[in-house]
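Subject: Structure handover

Hello,

Please find the structure below, followed by notes on what was found in it. The notes go element by element and can be read alongside the coordinates.

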There are 2 protein chains.
Amino acid sequence: MGRKRTKSGKIRLAEVAELAGVSPITASRFFRNPEALSVAKRTRVESAAKELGYVPNLAARALASQRTEVIGVLIPSLTNNVFSDVLRGIYDASEGSRYSIQLSNTRYSILQEEKLLRLFLAQKPAGLIVTGIDQTAESRAMLQAADCPIVQIMEIGPDPVDMMIGFSHYDAARAAIAHLFEQGHRKVGFVGARMDPRVQRRLDGYISAMKDAGSFDQRLVVTTATPTSVTLGGALFTDLLAREPDMDAVFCANDDLALGVLFECRRREIAVPGQLAIVGFNDLEFMASAVPTLTSVRTNRYEMGKTAATMLINAIEGRRPEQPVLDLGFKVIERQSSSARRSDSRPAVSGAAAANKMIALPSSHD
Amino acid sequence: MGRKRTKSGKIRLAEVAELAGVSPITASRFFRNPEALSVAKRTRVESAAKELGYVPNLAARALASQRTEVIGVLIPSLTNNVFSDVLRGIYDASEGSRYSIQLSNTRYSILQEEKLLRLFLAQKPAGLIVTGIDQTAESRAMLQAADCPIVQIMEIGPDPVDMMIGFSHYDAARAAIAHLFEQGHRKVGFVGARMDPRVQRRLDGYISAMKDAGSFDQRLVVTTATPTSVTLGGALFTDLLAREPDMDAVFCANDDLALGVLFECRRREIAVPGQLAIVGFNDLEFMASAVPTLTSVRTNRYEMGKTAATMLINAIEGRRPEQPVLDLGFKVIERQSSSARRSDSRPAVSGAAAANKMIALPSSHD
DNA sequence: GTCGTTGCTGGTAGCGCTGTCAACGTTCCT
DNA sequence: AGGAACGTTGACAGCGCTACCAGCAACGAC
């Protein structure tokens with residue numbers, strides 16, 4: 001015997017079709033491809049839907065059409081400021097589209113990523129955004145086999161699965177070191193935490209630049225697998241300083257570490273940039289406002305997320321980009337903390353006049 | 001005539017049932033309520049599913065059962081650190097459960113919230129997490145009428161829709177001001193940005209505490225609707241200082257503003273806490289590491305998210321909490337920036353010994 | 001005048017799963 | 001021993017929507 005479900009007060013497509021005096025399939029088409037209807041029926045269905053307050057049942061649609069309108073997003077962290085900017089871009093781009101975002105957190109584990117990927121793919125997403133280029137072989141095979149567009153974000157590299165948008169962390173680190181050398185700094189330390197693949201590539205860039213200058217020394221590098229924090233920046237810098245007291249600059253793998261180094265310098269009464277230059281990475285908002293203002297490498301995180309989602313949605317709807325790999329670049333934002341080496345040991349700037357100038361500096365926010 | 005769809009390579013429940021030698025409905029029950037099966041059939045279905053690599057089709061399940069396994073989450077911002085902690089808690093709690101998180105960003109607009117709520121409710125979510133207690137009348141009516149559990153997070157107040165978890169921003173602000181008074185500060189300014197309802201209630205708490213002490217003066221309050229930032233903290237403090245140069249403490253509505261005030265003080269060579277005490281709000285990680293270390297009001301954001309999601313899932317599955325309203329409280333973390341008023345104008349601490357002690361301080365991270 | 005061609009519309013038959021109820025076998029109670 | 005109570009299983013009929021084709025009218029080309 002059949003069910004005696006309460007027919008769930010909701011109005012269905014059939015009701016809309018009846019009120020509009022068309023067949024259900026015509027009404028269905030109205031919601032998916034209005035241009036296919038004659039103008040007369042289009043307006044009839046439209047007003048009928050509005051009158052009844054019709055909302056399509058997505059589960060039924062997904063079941064019947066064998067696809068969903070879900071964009072899966074795999075990111076390694078929810079805490080990291082960097083990803084919240086990217087996410088904001090993704091959500092902004094998806095807003096107003098028919099697609100909804102399904103977010104999952106890999107916690108920097110490519111095994112977890114593989115597991116989540118399997119889960120996502122089983123639900124036939126409309127598209128997928130994944131972080132980075134270091135998937136497991138199994139993940140990569142699944143991505144290749146997936147019949148939906150895919151965007152890899154955060155960095156660019158050879159051999160994209162489908163589309164790719166990011167920048168070269170290696171080149172960005174090299175540019176930061178080049179800037180320090182231009183300013184006369186020679187003995188540049190590296191401080192890194194978490195050491196995910198992108199931080200690793202920043203380290204590789206640092207190493208190559210230092211080697212080019214004939215200044216590389218393994219003892220100048222301090223890293224840890226521990227998640228990053230301001231406090232950790234101070235601690236790592238303390239280690240580095242114990243090893244290499246005559247260092248004249250530090251390149252930090254991110255801005256939180258840089259802030260930690262700055263505070264530690266203040267505690268130790270090390271003048272920045274007089275005795276030590278500091279360069280961070282990402283150009284978070286506070287970098288422009290610190291005392292001294294902190295040099296950093298600006299990355300276009302919000303744009304990355306927004307562009308990735310826009311490209312993905314376009315690809316889902318059949319408009320593939322001319323250029324599937326997009327390098328959004330970076331920019332070394334030169335501030336006080338890395339200004340030219342000098343012999344005196346007093347902070348370069350203090351007082352309100354300079355402060356006001358700093359406040360006017362552009363930041364990565366939009 | 002029927003369709004000639006490619007039967008989509010996927011294996012279905014029916015195949016699993018056939019291999020296991022049971023009816024489809026029995027196999028179905030295995031995935032929803034394994035205890036209802038005899039042990040023999042349970043293991044047969046289990047191994048059949050594993051052998052075939054069966055993954056349930058959620059769209060079909062949602063359509064047939066008239067409900068989804070989606071938890072809707074409405075938060076006002078993706079940028080704000082505070083919400084990323086809450087979100088992390090929510091995602092952590094949902095992991096391993098059958099429920100998936102559907103996130104939407106209201107951008108601090110209750111009208112946008114109402115719109116999103118309508119959208120969510122149409123899809124019959126399993127549960128809903130909404131931020132705050134200041135919904136529109138229409139939103140509130142929809143929430144009351146929704147036939148799913150609902151948790152309001154971030155603050156507690158009278159008249160919960162269903163469940164509620166948070167703390168009193170009003171009391172927290174009062175406690176911060178009380179702490180400043182205990183330390184001998186009297187002329188306490190207030191710096192606030194964004195001025196969402198929770199910040200507004202912090203301001204209300206500040207005002208009431210100042211009035212209790214007979215020290216309230218409207219000129220001590222500087223606020224703006226602009227989104228918060230470190231830079232903005234410095235700018236607002238500059239305004240405040242121009243009005244009230246003899247202020248001896250500042251209570252900042254959040255930690256970013258507090259950091260901005262600290263940097264501005266450094267620029268102006270105002271000693272903290274010698275000439276000015278600073279108290280922030282939220283106790284972000286960097287507060288323990290700044291120089292001087294910054295006093296703040298610790299709030300349990302991660303726990304809030306995690307507990308909210310856990311309570312919600314329990315309620316969805318019929319285990320309603322004994323206590324539907326949960327106050328997670330707060331704690332004033334007293335640090336150097338608000339230590340007792342003194343006449344000299346040098347920072348209270350400098351040097352590595354003190355720094356190490358600071359690093360060991362507990363923080364809100366887990 | 002006939003034959004495509006194009007544009008629009010509708011009928012049919014599911015998509016893969018689960019709610020409801022009935023039916024069965026077993027155990028326990030009186 | 002009879003019956004109630006319980007635990008376990010299966011049949012059936014959809015959930016609300018869309019893919020696939022067929023059909024029809026209008027139009028132009030030959």
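In this predicted model, strand β3 of chain B, residues 127-131, is largely enclosed by the rest of the structure, because five of its five residues are buried. B:L128 and B:V130 point one way from β3(B), while B:G127, B:I129 and B:T131 point the other way. Residues on both sides of the strand are buried.

What does β3(B) pair with? One partner is strand β1 of chain B, residues 70-75, which is joined to β3(B) by four bridges in the parallel sense. Within that pairing, B:I71 has B:G127 as its bridge partner. Another partner is strand β4 of chain B, residues 150-153, which runs parallel to β3(B) and is also joined to it by four bridges. Here B:Q152 in β4(B) stands opposite B:V130.

These strands belong to an open sheet of six, in the order β2-β1-β3-β4-β5-β11 of chain B, with parallel pairing. Its edge strands are β2 (100-105) and β11 (325-327) of chain B, each of which pairs on one side only. On average, neighbouring strands of the sheet are turned by 15 degrees against each other, direction ignored. At the β11 end, strand β5 of chain B, residues 163-166, runs parallel to β11(B) and is joined to it by three bridges. B:I165 has B:L326 as its bridge partner in β11(B).

Helix α5 of chain B, residues 81-94, packs on this sheet and touches β1, β2, β3 and β4 of chain B. The direction of α5(B) makes about 160 degrees with that of β2(B). Helix α6 of chain B, residues 110-122, lies across β1, β2 and β3 of chain B and runs at about 175 degrees to β1(B).

Chain B has another open sheet, made of four strands in the order β7-β6-β8-β9, again with parallel pairing. The edges are taken by β7 (221-223) and β9 (277-279) of chain B; each has a single partner strand, so one side of each is left without a neighbour in the sheet. The twist from one strand to the next averages 15 degrees. Strand β6 of chain B, residues 188-192, pairs with β7(B) in the parallel sense over three bridges, and B:G192 stands opposite B:T223 in β7(B). Helix α10 of chain B, residues 230-243, packs on the sheet and touches β6, β7 and β8 (249-252) of chain B. Its direction makes about 150 degrees with that of β7(B).

Turning to chain A, how do helices α8 (residues 169-182) and α9 (residues 197-212) cross? Their axes come within 7 Å and cross at roughly 40 degrees, and the two helices are therefore oblique to each other. The crossing of α8(A) past α9(A) is right-handed. Among the residues making the contact are A:Y170, A:I177 and A:F181 of α8(A), and A:R201, A:Y206 and A:M210 of α9(A). The contact residues divide into seven nonpolar, six charged and three polar.

One residue of chain A is also worth a note. Leaving aside neighbours within four places in sequence, A:L87 is in contact with A:V73, A:I75, A:L78 and A:L103, and with B:L78 of chain B. The C-alpha atoms of A:L87 and A:T310 are separated by 13 Å, and the two residues are 223 apart along the chain.

Regards

Note on methods:
Residues numbered from 1 in each chain as written. Chains lettered and ligands numbered in written order. Predicted model: local features only at pLDDT ≥ 70, side-chain atom pairs only at ≥ 80, totals over all residues. Heavy atoms only, no water. Axes fitted to C-alpha atoms, helices over the stretch in contact; angles between N-to-C directions. Parallel < 35°, antiparallel > 145°, perpendicular 65-115°, else oblique. Left-handed = near helix turned anticlockwise from the far one by under 90°. Contact = heavy atoms within 4.5 Å. Nonpolar A, V, L, I, M, F, W, Y, C, P; charged D, E, K, R; others polar. Buried < 20%, exposed > 50% of the residue type's maximum accessible area, 1.4 Å probe, protein only. Pairing = 2+ DSSP bridges.
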